[in-house]
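Please open the structure in a viewer and keep the selection tool at hand.

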Amino acid sequence: MVGARLAAVEGLVRELLKEEAPSRIAALTEELFQAAGSISEEDGSAAEVEPRPPGPAPLSSPSEETGRSRASGPRAALGQVEEGAVSLWNWAVTKHTGSVVNDEQRAKLRFVACRLVCLCEGSDPPEGTIRRQILMCMKTGKGWIDIGKADLADGFLEIAMSSIEKLYAKLLKGSDGEADIHVHKADVEKNLFKVLSYQAESAVAQGDFQKAVMCVQRCKDMLMKLPKETCYLSILCYNFGVETYEWKRYEQSSFWLSQSYDIGKMDMKYSVGKQMQAKVLRLLATAYFEWDCNLYLDKALKAVSLANQENLHPAGVFLKVKILLKSGASDEDISSAVAEFLHHEMSLDFCLNTAKLLLDHGRESVGFDFLKSVPERFESSPDLGKITLLHVEFLLQNKRELLAKQKVEEIIIGHYTGKQLLPEALNRLHIILWDRAAKHYEAKSYSEALHWYNYSVSFYTPGQIDQNLAKLQRNMASCYLHLKQVDKAKEAVKEAERCDPNSIFTKFCVYKIAVMEKDTDKAVEAVTEMGKLAEKSSQHEDKLRVDENTGTNLLSLAAQIALENEQQVVAIKALEYLSEHLQDCRQLFAALKCLVRLMLSKFMAENEEKRDEDINSMLTYLTLAHKRLAESFTEEKFTGDMRILEAHWFRKVAWNLAVQFRGCPEKMRDFFLLSFKLSQFCPSDKAVLIAQKTCLLMAAAVDLEMGRQQVTPSEQTELLTQALQHLQACKEIWKVLKLTGDFAKDPTDTLLLLYEFEARSKLNDPTLHNLMESVWEQPQTEVKTLEIIASLAMESPARYPVLCKKALKSALNLHRKQPVVDAVKFSKCLHSLINLSLPTGLTDLDACVLQEVWHYFEDALSVVSSTDAYPETEILWLMTRAWNTGIFQYTVGKYKEAEQWCGLGMRLLNHLGSLKKSYEGHMIGLYSEVLDKLDRAKRFLPNEEE
């Protein structure tokens, strides 16, 4: 019975043969490959299969071979599997041709088909089956080698080899005489040769040198009978030589290349040809050269000489010269080698490369002699200028600058007499000239640098606009500046501006001149233009010289130049633009620190009127520092410790500025807030928490103070809301801070209460009463705090008389509880409470109110009676209020109440000092009148019933 796994594979084959979708074909191919790999011999039967004649490619199916129907049972089932395998093979060939399946998928499908056919082989397969199996195994093995999986090829090649042996045995068995044996042997040897060559390929790919040698040797032994394979085997060995050379296995490479050359000589009729043989020998010489030039010098020279004899090629001559140079051969030997190709057609580039090789190895005599002979051979070539350029380059390399100048001057003369260089050669000449000038510039030989730059200028026509010319003029301007020739530098820069007005480099030159001439306005204008150009890509600059940080590098240099020349205003402007464009955090913070220091020194030298703009600038710098500190978490090179150090530096600066500008509340608040924000990047130790708390308290205080000024209602609301936000953040910090130590004497709780009360009362916040409930419950609330709350409760736009009165009463109670009452403070508190309870000018007062106020006056009288410290002005005020209240009662006919209040006034009069005489006479008269009225009124009143 056919095994279950074999049946599953057969089902997948049938499904694949019907499939058209590429994605599904790929999936089925992989599934088939995995399934076929797990099939064992036990999954197939050893059933005998009817003999079949061999069929032509594409492979014929078993049903076509037998020409009759199969028997039922296992043999029939295996026949179906075999037929499916053959169909799969042919299908893979077709689909690969149509690019439906790739090389790897074809190799996997061949693997499946070949595996199935091998399982269906039987114990005594017919000749056709064996031949088909040999073909399938060879192609499957070769397919794996071609896709770089040589280890998977070995098994199939072994099967092919075994099948060849079976075929040979079967053919011998049925042969008739020695003639037949030779025919059969020749028939089999072709396949044997191919299998051996494939095995050699697999062995080389897997690094099995000995096996590869053995296989190739067997193939080589068969060439006498298969002479047509000479070319194939020679090329195969050459390919092995190339592969092992690339892997730097020079010993193996030299072996394979030697084999290739020797095989190529075995049969001239089927040889690879002289050109190929020369190619093999050149690579062989190279392998010896790179393996160990000293040890294998003779072999390398022999190989390359043979190559040149086979087929003279520039590469062969060049290689020979290279080997001779490496070996330290004499000039005569090298000249002799060079002479080999003087009478042959060689390209100009080859001649130049040879000359360059000679000169690079210090063979000046041979090199220059050879270089001089080249122009005669290429007199009509448009590339003739390349020879002169090479000559100039090597003269400069060998420090023969005077001769090089003569050559350059000859080229300039030729340029204007009809012997112009080709554009490519002219560009190369400019590079040579600029490089030489740059070397002199670096050596501070500015006059010599100008000499070489002027050579370059000679090739431009007057009025020509070219960005390279602009760069050239800028370089010349730099030289002139170093030579203190400012006028010439200006001319050069003017020419550069004409050619490339929007170049940041040109503006930098303008800037340098302005700084040198101490023209501050022009320098600022130039650096401003540089800052704007830094935002744009440097599309017009020489890409070889300009990197992506060109703008920032130039602005940094501009700032440095300004500082060196003590031009503070210019340096500030350069650093401002620099800080906008720097990406590196460390460089940015260094620039910002420099800016801050410069601006601080500028503050010291300015009067207050000019400071506003600079204060705003300082706020901008610190804001940028905060922004970049927040962004720096993504920059690997900027460590946490660096961030903390920078944050501390900038927060302290912001703090000091806040303190310095206390006369400008709004700016002070902004600096305190910045200090707070910057401190959030620092570890939350006690010092930082205290600083954060103070910053937020100060910011809230400023917002409240500004809210008290003449501002619009909307502005006031915004300020008060901001203050509340600061206070809320401050509360959170204060909670944490109180856990770190004893803050019993710290006024923060009081300030937070008062600030919050003011903000919420003026915002008419409904939560105000909840806030005050917590205050009334605190026994340790100070008198001063309660008095301030009372004052704030009635400060416009707030109006909370009930809260005000409650606060004042609480304050009075605290005053009374003191061992010695402070009469002055008591008088002020009582004054406020009476004023609130007994408004001036009201006559129709409720009896309860009068009764309440009466108690306040009695409190006052008791204190006045007990101390001489009660302020006389306050006693006078109390007396006046009591007397006036009595008079008001008198005018409305309430004589009894009038007598009480006027009597109170008289009692207070007795406590007046120097002021008593001024009021005594008047008040006694009026009081007598009040008493008379009261007596007359009593007579008309009915007597009470007894």
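How many aromatic pairs does the structure hold? In this predicted model, there are 24 aromatic pairs.

**Stop 1: Phe209 and Phe255**

Select Phe209 and Phe255, whose rings form an edge-to-face aromatic pair. The centres are 5.4 Å apart, and the planes stand at 80° to each other. Next, colour the helices that carry them: Phe209 belongs to helix H9 (residues 209-222) and Phe255 to helix H11 (residues 250-264). The two residues are 46 residues apart, and the pair thus links distant parts of the chain. Phe255 has a relative accessible area of 27% and is partly exposed.

**Stop 2: Trp649 and Phe650**

Move to Trp649 and Phe650. The ring centres of this pair lie 4.9 Å apart with the planes at 80°, so the pair is edge-to-face. Is Phe650 buried or exposed? Phe650 counts as buried because its relative accessibility is 0%, under the 20% limit. Trp649, at 22% relative accessibility, counts as partly exposed.

**Stop 3: an aromatic cluster**

Select Phe33, Phe111, Trp144 and Phe156 together; these residues form one aromatic cluster.

**Stop 4: helices H1 and H5**

Display helix H1 (residues 4-18) with helix H5 (residues 103-119). Their axes come within 12 Å and cross at roughly 135°. The two helices are therefore oblique to each other, and H1 passes H5 in a left-handed crossing. To view the contact, show the side chains of Leu6, Val9, Val13 and Leu16 in H1, which meet Leu109, Val112, Leu116 and Leu119 in H5. This contact of H1 with H5 comprises 8 nonpolar residues, with no polar and no charged ones.

**Stop 5: helices H27 and H28**

Finally, select helix H27 (residues 568-581) and helix H28 (residues 585-605), whose axes come within 9 Å and cross at roughly 150°. How are H27 and H28 oriented to each other? An angle over 145 degrees counts as roughly antiparallel, and H27 and H28 are therefore roughly antiparallel to each other. H27 passes H28 in a left-handed crossing. On the H27 side, show Gln568, Ala571, Ile572, Leu575, Glu576, Leu578 and Ser579. On the H28 side, the contact is made by Leu588, Ala591, Leu592, Cys594, Leu595, Leu598, Met599, Ser601 and Lys602. Colouring by class separates the residues of this contact into 11 nonpolar, 3 polar and 2 charged.

Methods. Residues numbered from 1 in each chain as written. Predicted model: local features only at pLDDT ≥ 70, side-chain atom pairs only at ≥ 80, totals over all residues. Heavy atoms only, no water. Axes fitted to C-alpha atoms, helices over the stretch in contact; angles between N-to-C directions. Helix = DSSP H or I, 4+ residues; strand = E, 2+ residues; numbered from the N terminus. Parallel < 35°, antiparallel > 145°, perpendicular 65-115°, else oblique. Left-handed = near helix turned anticlockwise from the far one by under 90°. Contact = heavy atoms within 4.5 Å. Nonpolar A, V, L, I, M, F, W, Y, C, P; charged D, E, K, R; others polar. Phe/Tyr/Trp six-rings, centres within 6.5 Å; stacked < 30°, edge-to-face > 60°. Buried < 20%, exposed > 50% of the residue type's maximum accessible area, 1.4 Å probe, protein only.
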